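Here's a quick tour of one protein fold, written for someone new to reading structures. Keep the picture open as you read, and try to find each piece for yourself.

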Amino acid sequence: MNYLVIDLEMCKVPKNYRGKNYKYASEIIQVVAVLLDEEYNEIGTLCQYVHPEFGILDYFITNLTGIEKGQIKNAPKLKDALIHMADWLGEREYKVFAWSKSDYWQLDHEIKSKKLNDEKLDELRKPGRWVDYQERFGKKYNFEQAVGLQEALMLCDIEPDGRMHDGLDDAWNTARLIEKLEKNPNYKLIYRERQEQEDSQPLKVRLGELFEGLNLQLG
């Protein structure tokens, strides 16, 4: 079994650009995948830009992701990019890891809305193939709220490479996090390990220190 760590970047679809065929507020402009072997070691990386059919790349998204208009202007459309990724995977059996469910839902919505019919795409978007690693992380460490990727990296003592929201860097950092936790199933988060150490220290307070500074009057 191989593990495919996916990160998608999207642009905005203005309301007046949406219609019956495409009603969603965002559209994929980058597909990045880091392939891990059965031991969670990296064996390949794929980074593709995608030409949007409905959305526009504005300053906010460019500033956030680093993606420029020139990189998506002549890029392949989503179907071609996804089929290329499937061909790149070949005959491997694989699971998909993503940080949150948002990438899966975006991909599923676009494939359905754009009527991208292909057996390889049907295989890719099977719900049972996808693992929400953000959810797995939260359950493992008993977080009540979802933890962002940057915070999770910090808690696992991993210095992020590159910039956040760069698709390639996000996928690579997610892969590093997965590798560390899957290879070390008993790993303790930094702050919780410190807290346990502090809690295990014996309380050393002398009785005189408790009453120091108090003006006690006995009647």
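Which residue of E2 is the bridge partner of Cys-11? That would be Glu-27. Keep in mind that you're looking at a predicted model.

- Five strands make up an open sheet in the order E3-E2-E1-E4-E5, and their pairing is mixed.
- At the edges sit strand E3 (42–49) and strand E5 (130–132), each of which pairs on one side only.
- From one strand to the next, the twist averages 25 degrees.
- E1 and E2 pair in the antiparallel sense, with ten bridges between them.
- E2 and E3 are antiparallel too, over seven bridges; in one of them, Val-34 has Thr-45 of E3 as its bridge partner.
- The hairpin of E2 and E3 has five residues between the strands, and there Tyr-40 takes a positive phi near 70 degrees.
- As a general rule, side chains in a regular strand alternate between the two faces of the sheet.

**Zooming in on Gln-30**

- You'll find Gln-30 in strand E2.
- Is Gln-30 buried or exposed? Its relative accessible area is 3%, and buried means under 20%, so Gln-30 counts as buried.
- Leaving aside residues up to four places away in sequence, Gln-30 touches several others, among them Asp-7, Leu-8, Glu-9, Cys-47, Tyr-49 and Ile-67.
- Gly-167 is also one of the residues that Gln-30 touches: a polar atom of the Gln-30 side chain lies 3.5 Å from the backbone nitrogen of Gly-167.

**Helix H8**

- At the start of H8, Asp-166 has a side-chain oxygen that comes to within 3.0 Å of the backbone nitrogen of Leu-168.
- The buried residues of H8 include Gly-167, Ala-171, Thr-174, Ala-175, Ile-178 and Leu-181.
- In general, an α-helix has 3.6 residues a turn, so residues three or four places apart point the same way.
- What do the buried residues of H8 pack against? Their partners are strand E1 (2–12), strand E2 (26–36), strand E4 (94–98), helix H6 (133–140) and helix H7 (149–155).

Terms used:
Residues numbered from 1 in each chain as written. Predicted model: local features only at pLDDT ≥ 70, side-chain atom pairs only at ≥ 80, totals over all residues. Heavy atoms only, no water. Buried < 20%, exposed > 50% of the residue type's maximum accessible area, 1.4 Å probe, protein only. Helix = DSSP H or I, 4+ residues; strand = E, 2+ residues; numbered from the N terminus. Contact = heavy atoms within 4.5 Å. Polar contact = N/O pair within 3.5 Å; in protein donor to acceptor, adjacent residues only side chain to side chain. Pairing = 2+ DSSP bridges. Axes fitted to C-alpha atoms, helices over the stretch in contact; angles between N-to-C directions.
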